[in-house]
Amino acid sequence: MLARDWRAGELQVLAAALVVAVASVTSVAFFADRVGQALVRDAHQLLGADLVLASDHPWDKAIGAQISASGLARAEALNFISMASAGEGDKQRSKLAGVKAVSRNYPLRGTLRIAPAPGAPDAPAASGPAPGSVWLDEQLVGALGAPVGSMIRLGRSELKVAAVLTLEPERGANFFNIAPRLMLNLADVTATGLVQTGSRVHYYLYAAGPPEKIRAFEKFVRPRLERGQHVDDLQSGRPQVRASIDRAQRFLGLTALLAAILAGVAIALGTRRFVERHLDGCAVMRCLGATQNRLLALYGGEFLALGLAACAVGCLAGYAAQEALAGALAGLLQAALPAPTPLPAAQGFLVGLVLLLGFALPPLVQLKNVPALRVIRRESGPARRGTLAVYALGLGVLAALLVWQAGDLRLGVYVVGGFGVAVAVFYAAAWVALRAAASAPVARLVGANSSALRYGLANLKRHARGNAIQVASLALGLTAVLLLSFTRNDLVDAWRRAAPPDAPNRFVLGIQPDQLAPLKSYFTARGIGVPEIYPMVRGRLVAVNGKPVAAEDYRDERAKRLVEREFNLSYADEMPGHNQLAAGSWWRKGADPHQLSVEQGIAGTLGWKLGDALTFTAGGESFTGRVTSLRKLRWDSMKVNFFVIAPPALLESMPTSYITAFRVAAGEERAMQALTQQFPNLTVVDVGAAVRQAQGVIDQLINAVQFVFLFALGAGLLVLYSALISTEDERRREAAVMRVYGASRAQVAGSQRVEFLAMGLVAGVLATAGAAAIGQLLAQRVFDLDLPPSPMLLIAGPLAGLALLSLNAWLSSRKVLRATPALTLRESI
Amino acid sequence: MMINSKALIARGIGKTVRSGDRDLVILRDIDLTVDSGEALAIVGASGSGKSTLLAILAGLDTPSAGTVELEGANLFALDEDARAELRGRTVGFVFQSFQLLPALSALENVMLPLELAGRHDAEQAAREVLARVGLAERLQHAPKHLSGGEQQRVALARAFVAQPKLLLADEPTGSLDAEAGREVIALLFDLNRAAGTTLVMVTHDENLAARCDRTVRLEAGKIAP
């Protein structure tokens with residue numbers, strides 16, 4: 001029977017819908033899986049390894065040995081602060097440097113980049129510095145006056161400057177406390193005599209290898225950690241990179257969701273058409289004694305066989321598509337993508353079958369319910385009872401599946417819920433709008449004296465139910481298309497703006513109060529705009545609501561470390577312009593000074609709420625303030641941000657230094673050397689490389705995500721197509737009857753055109769509203785972006801609806817008018 | 001005033017369709033003349049080409065050869081639209097499977113031909129004809145809520161509402177049980193007589209054919225002698 005129906009051509013549309021559906025779902029899933037893996041790997045490159053162990057005292061040899069024993073690559077490093085100097089006699093210059101001694105194979109993930117001179121083009125380094133040599137960052141080269149090839153002194157050693165270090169993976173994660181970088185080989189550390197008992201040194205072990213071995217090693221090492229030791233992985237640290245990755249995964253998840261839902265709609269429409277064409281056959285079979293269950297088994301079996309075949313084809317097509325996609329993006333994805341896991345194929349099958357059962361079963365149940373009477377009375381339709389329950393069940397299962405696939409409950413609920421609401425609203429709005437369009441006042445308004453116009457408008461009302469379903473489906477498909485074309489662009493632009501190309505690339509720390517005026521004149525003298533300079537007080541958290549605080553109180557690793565570290569506190573009368581108030585209210589000038597404004601994320605991590613009293617100590621004094629506001633920050637904006645801000649009256653008397661961030665244009669690096677020479681105590685951190693790296697990651701993600709969007713777009717178009725052909729049979733028959741009774745071609749085509757145009761306008765307007773609303777919701781709730789609705793969308797949406805249905809009216813009337821009425825009517829008998 | 005007392009003149013009608021890779025002859029060299037006011041039955045076995053002939057006589061299908069003169073106009077010398085206009089003005093049609101539009105009420109189905117002709121009294125005229133076929137109480141019913149006999153009566157009302165000169169009926173009782181069939185036929189002949197309409201009816205029912213003035217028998221696409 002499958003073969004027979006296939007030959008009859010009725011299953012081909014449905015199968016095509018299923019194949020495209022499964023193909024789009026799996027290709028999105030396959031690619032998302034691979035990109036997801038690559039994202040994690042690339043993020044590891046920022047970490048320098050898959051796993052980093054940090055300690056404030058030397059690591060037990062057994063731990064290091066276990067890394068190698070676990071089959072993982074191992075590298076080592078240690079960090080400390082020390083004075084470096086260069087030159088002789090009067091020309092001698094010294095500078096406090098952040099020294100990092102690394103094993104030759106550092107880093108295990110990502111690369112170090114070096115240049116032959118400050119400002120010269122850089123290139124990846126094959127390995128870490130060789131014994132006897134050091135790499136200095138640009139700032140240190142300037143401060144010491146030690147160009148490449150000269151010698152510097154570090155402790156008891158003399159070392160040769162071999163290169164300018166422009167990028168190291170771990171840099172940029174937390175730029176505070178980082179003095180300019182000096183990197184040397186681990187083997188040279190002993191000779192410097194700088195590392196002795198009691199020195200403040202941080203010891204790092206790096207591990208890299210297959211994920212399962214990493215997990216096994218992590219399991220081994222975690223229980224053996226001592227105080228002052230912790231494991232760094234992706235979950236901790238690096239807020240700006242994490243924010244980007246999270247957002248990318250949401251984009252991908254959203255796309256997969258949309259593709260799946262749209263596919264479901266296309267399948268539902270396709271099945272409806274199949275069922276309408278099979279009602280007669282079923283009635284005959286009922287007459288010949290087929291029971292309802294037998295009919296259901298027959299068609300259910302047929303659909304299941306078709307579904308499995310289509311899923312298999314779809315999976316293969318999905319795999320091929322993502323291969324092509326990965327190939328096309330090979331240049332953008334700097335490294336090769338990891339091989340896909342089989343999970344997406346399983347997901348594809350499952351989604352395909354659930355789609356088929358959820359969306360095809362309800363119409364199929366109608367076939368089962370067809371009364372045998374239909375053989376005699378063609379118009380006796382099947383009872384519709386029970387189908388709603390089946391739809392609800394199918395939708396429920398699908399929703400659960402989609403939430404699983406999105407891997408994000410909130411996103412899943414938003415999309416599935418939004419979809420359900422949109423369908424209901426679209427249907428109701430379409431029904432009302434179509435009936436209104438058919439009303440007498442509208443007819444008078446448009447001067448309906450041509451019979452085509454009058455007839456077309458009247459048909460809107462007569463076909464209200466069928467047309468409303470069609471308009472709702474069209475609006476749905478169009479919403480997806482608009483969402484993916486216009487709103488997506490807006491979202492992507494907003495995302496790009498979050499880390500603008502003019503983001504600051506230099507941070508200056510340790511500015512003393514008496515240096516503020518000279519620093520400002522330094523900027524003014526060089527024609528550089530004076531950047532905003534923020535006061536900074538370093539304080540330790542000692543109590544929350546009067547209760548002493550210790551790291552052990554927190555289970556979260558990040559929380560533990562936050563509590564152990566000193567906080568960078570700031571004070572201000574006004575909230576910094578790039579911050580956003582999330583809860584509470586900002587203080588008025590002169591109000592009670594015992595107030596604090598806290599960043600939303602850290603408040604969540606540490607469990608702080610509005611009204612909590614936080615006590616800090618700074619410079620031997622303690623002070624307490626109540627949390628009166630929560631702020632939202634953009635970590636990827638690369639601006640100066642503070643977790644905690646207080647009114648000036650609370651902190652002004654504390655030991656204060658200042659911090660600022662600004663942008664140095666390419667080629668102006670010399671000005672920076674002058675800055676460090678004039679103010680030798682300042683720490684200048686070059687985050688340009690880190691910013692460029694983050695920017696590169698974001699651009700790459702955007703490209704991948706855009707490509708993935710195309711599939712969902714395809715699914716949207718499929719829905720549009722299915723919706724358009726869903727009433728074709730009925731319209732052809734109607735046109736034939738009209739022609740029998742003397743309608744001219746112009747009348748037939750005209751009345752269809754009027755009907756289609758009205759439907760197109762309604763669908764376009766609904767889709768525009770839908771896309772704008774969903775885009776707004778997504779931007780605000782999911783992506784934390786500000787997104788004003790695009791005026792282009794408001795114009796293009798309704799126009800797209802009109803254009804699409806005009807085209808369809810033209811094509812449809814050509815088809816309807818091509819066959820002679822006799823032929824059309826004979827086919828429909 | 002009728003200038004030509006012939007309602008319909010068909011000359012040398014042939015119809016060949018391509019089936020697979022060979023030609024299938026459905027009609028061959030049919031000559032047929034129907035006088036105004038005459039009732040003609042076309043009978044024949046299934047597949048003898050009766051329905052195709054009827055469709056060609058109405059201009060719903062095009063012949064491979066031959067001409068049809070309808071009310072003095074050469075049907076296939078006209079373009080599609082002129083043919084439709086002529087048909088709307090002069091021909092009523094009744095189908096075996098009713099061919100009512102499911103989205104339209106009984107009243108709207110009957111109004112359709114008049115609306116297409118741009119008549120403003122469509123509703124009034126439709127109401128009157130529906131009353132004559134005994135469906136005054138069921139005007140707003142959708143076809144699926146009417147019995148088969150009622151649906152065919154709506155179709156009859158639709159066929160007669162524009163007061164056609166020629167009524168073409170294709171197995172009008174073919175989808176009905178005997179009782180409903182008898183009622184519809186009685187109604188058809190009543191309306192026909194009252195309006196003085198020319199009737200061409202395709203049927204395989206010899207009793208029905210006997211009620212017509214003349215019977216033409218088709219055999220394998222040709223008129224049997």
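The model is predicted, and local features need pLDDT of at least 70, side-chain atom pairs count only at pLDDT 80 or more, while totals for chains, interfaces and linings use all residues. Residues are numbered from 1 along each chain as its sequence is written, and chains are lettered from A and ligands numbered from 1 in the order in which they are written.

Entry 1, helix 3 with helix 5, chain B.
I looked up which residues meet here, and found A106(B), N109(B), V110(B), L112(B), P113(B) and L114(B) of helix 3 of chain B against V154(B), A157(B), R158(B) and V161(B) of helix 5 of chain B. I sorted these contact residues into eight nonpolar, one polar and one charged, where Ala, Val, Leu, Ile, Met, Phe, Trp, Tyr, Cys and Pro count as nonpolar, Asp, Glu, Lys and Arg as charged, and the others, Gly among them, as polar. For helix 3 of chain B and helix 5 (residues 148-161) of chain B I noted an angle of about 25° and axes 8 Å apart; the axes are lines fitted to C-alpha atoms over the stretch in contact, and angles run from 0 to 180 degrees between N-to-C directions. The two helices are therefore roughly parallel to each other (under 35 degrees; over 145 is roughly antiparallel, 65 to 115 roughly perpendicular and the rest oblique).

Entry 2, helix 3 with helix 4, chain B.
I found that the axes of helix 3 (residues 106-116) of chain B and helix 4 (residues 122-132) of chain B come within 8 Å and cross at roughly 125°, so that this pair is oblique. Helix 3 of chain B contributes A106(B), L107(B), V110(B), M111(B), L114(B) and E115(B) to the contact, and among the residues from helix 4 of chain B are A122(B), R127(B) and L130(B). I counted ten nonpolar, no polar and three charged residues in this contact.

I noted 28 residues of chain B in contact with 27 residues of chain A. On the chain B side, helix 2 of chain B gives the most, with seven residues, and that side divides into 13 nonpolar, six polar and nine charged.

I listed R83(B), A84(B), R87(B), G88(B) and T90(B) as its buried residues (buried: 20 or more other C-beta atoms within 10 Å of a residue's own; exposed: 12 or fewer; partly exposed: in between). The partners of these buried residues include helix 21 (728-740) of chain A and helix 3 of chain B.

Note on methods. Helix = DSSP H or I, 4+ residues; strand = E, 2+ residues; numbered from the N terminus. Contact = placed C-beta atoms within 7 Å.
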